[in-house]
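Trainee: Could we go through this model together? I would like to know what stands behind each label.

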Amino acid sequence: MTTVILKPHKEESLLRFHPWVFSGAIARVVLDAKHKGDAPEEGELVSVFSSANTPLGVGHWQVGSIAVRILAFGVESLPADFWHSRIHAAYKVRESLGLVRKDNNTFRLVHGEGDNLPGLIVDIYADTAVVQAHSVGMHVCRKEIADAILETVPQVKNIYYKSDDTLPFKAPIEGDKIGYLISDYQFPAPLGEGQEGADEFWSIENGLSFRIDWLQGQKTGFFIDQRENRALVERYAKDKDVLNMFCYTGGFSLYALRGGAKTVDSVDVSQKAIDLVNINVAKNFPKAKNHTAVAADAFEYLSAQKSAGKTYDLIILDPPAFAKHRDAVKNALRGYQRINAKAIEMIRPGGILFTFSCSQAVDKEAFRLAVFSAAAQVGRSVRILHQLHQPQDHPINIYHPEGEYLKGLVLYVE
Ligand code: SAH
């Protein structure tokens, strides 16, 4: 195996189990005999040693500032059952957290560094696992990963691979970035227009049924990361007029309806998402007459509603990441302030705002300041009732705090 030798004292973060080796920490690379070029191949397994020749771990080589993502610490090679044992450990955690139940077959099985599998995401939707690689190393191992999932998770019969948007842009990639790795569905695939089986597929979250379109939907098809926060909305929804802004396929809306909301308005710019909201509401609440779904831009919708004198008791704001990179943070904060100001203005006295940011680059304090500025801008007094975050199946590796991304505030608006 190719070995990577670090500069003196650069082993310290690895000894503290931080899973990344930065390129600046590397003294030299010794290529194994099979190499023709003069550098490791992206995605290749490499063994990392300290300057004093202590084995520090094995990981995937990457091109860029993060040169190695460590898979196993303190070893010189990966054990033969590595994939199986890691996936099995991840599944056991979900089971012990009570997420694998008859009325809940929707959960995140693998959350990258949080499950000691840097660069890998696996979401489970009923009988289907959606696997997403964020590194070439994980892409190379996708078939072993799929086999380990199939062996470990009894409910899974199909494994769909979806990495067309997540693999490093310039990396040389062999094989398909998208498609079924394992499927017992009859082709064509089960979801989408005119495709067989589309009407039968439901994934269940806390007893609510969702149609999930992993083929054409956003990310892996669904935002499992809001499950616990949706349950909190259910607790506050009784007799309220609710606006679910950036609703995607209506997660928060279904919980609000089950919680006894007087009315629920769901808004998203994507018509496809709105179509799925209507399908999901019809499935769970076939008699509901108090739900409307509108395809519209958030800023335009809020301005138009405000001009029409509309107000709400409870508003949920769950926008897409406004800052995808550090250099976009300033603009993102302005965006958060603007959208929150517009929402706070429309909340009746004594109403509640659930507001979120999923931008990893925007930290808790900065987000809170943006929301505070929004309240001050529109002259409303607010109190923080809850501070929310990502749920238990999106764990944060304590040695890798960069894994924290979702934050939310529940505000009481006077
Ligand atoms: N709350 C959702 C997830 C929201 S993801 C859930 O629980 O599942 C963010 C959503 O914002 C996406 O569905 C995207 O289509 C939508 N979106 C992006 N820009 C928008 C805009 N300008 N106006 C309204 N919706 C927008």
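Mentor: Gladly. Let us start with a term: a salt bridge is a side-chain nitrogen of Lys or Arg within 4 Å of a carboxyl oxygen of Asp or Glu. Keep in mind that this is a predicted model.

Trainee: How many salt bridges does a search of the whole structure find?

Mentor: The search gives 16 salt bridges.

Trainee: Why is the pair of Glu-113 and Arg-69 called a salt bridge?

Mentor: The closest N and O atoms of Glu-113 and Arg-69 are 3.8 Å apart. The cut-off is 4 Å, so the pair qualifies.

Trainee: What makes Glu-113 and Arg-69 buried?

Mentor: Buried means under 20% relative accessible area. Glu-113 has 11% and Arg-69 has 13%, so both count as buried.

Trainee: How do you know that Asp-393 and Arg-227 form a salt bridge?

Mentor: Their side chains meet at 2.9 Å, N to O, and that value is within 4 Å, so the label holds. This pair links distant parts of the chain, with Asp-393 in the loop between β19 and β20 and Arg-227 in helix α5, 166 residues apart.

Trainee: Are Asp-393 and Arg-227 buried or exposed?

Mentor: Buried. The relative accessible area is 0% for Asp-393 and 1% for Arg-227, and the limit is under 20%.

Trainee: Why are Glu-414 and Arg-383 called partly exposed?

Mentor: Partly exposed is the range between the buried limit of 20% and the exposed limit of 50%. Glu-414 has 36% relative accessibility and Arg-383 has 47%, so each falls in that range. Their side chains also meet in a salt bridge, at 2.4 Å from N to O. Glu-414 lies in the segment after β20 and Arg-383 in strand β19, so parts that are 31 residues apart in sequence are tied together.

Trainee: What makes Asp-241, Lys-262, Asp-313 and Arg-348 one network?

Mentor: They are joined by salt bridges that share partners.

Trainee: Now the nonpolar side. Which residues touch the most other members of the largest nonpolar core?

Mentor: Tyr-125, Trp-214, Ile-316 and Phe-354, in a core of 39 residues. Elements that give two or more residues to this core include α5, α7 and β18, and the largest share, five residues, comes from α6. Apart from this core lies another, of 33 residues, among them Phe-246 and Tyr-301.

Key: Residues are numbered from 1 along each chain as its sequence is written. This is a predicted model: local features need pLDDT of at least 70, side-chain atom pairs count only at pLDDT 80 or more; totals for chains, interfaces and linings use all residues. Side-chain values use heavy atoms; hydrogens and water are left out. A nonpolar core is a set of buried Ala, Val, Leu, Ile, Met, Phe, Trp, Tyr and Cys residues joined through side-chain atoms within 4.5 Å. Buried means under 20% relative accessible area, exposed over 50%, partly exposed in between (1.4 Å probe, protein chains only). Helices (H or I, at least four residues) and strands (E, at least two) are DSSP runs, numbered from the N terminus.
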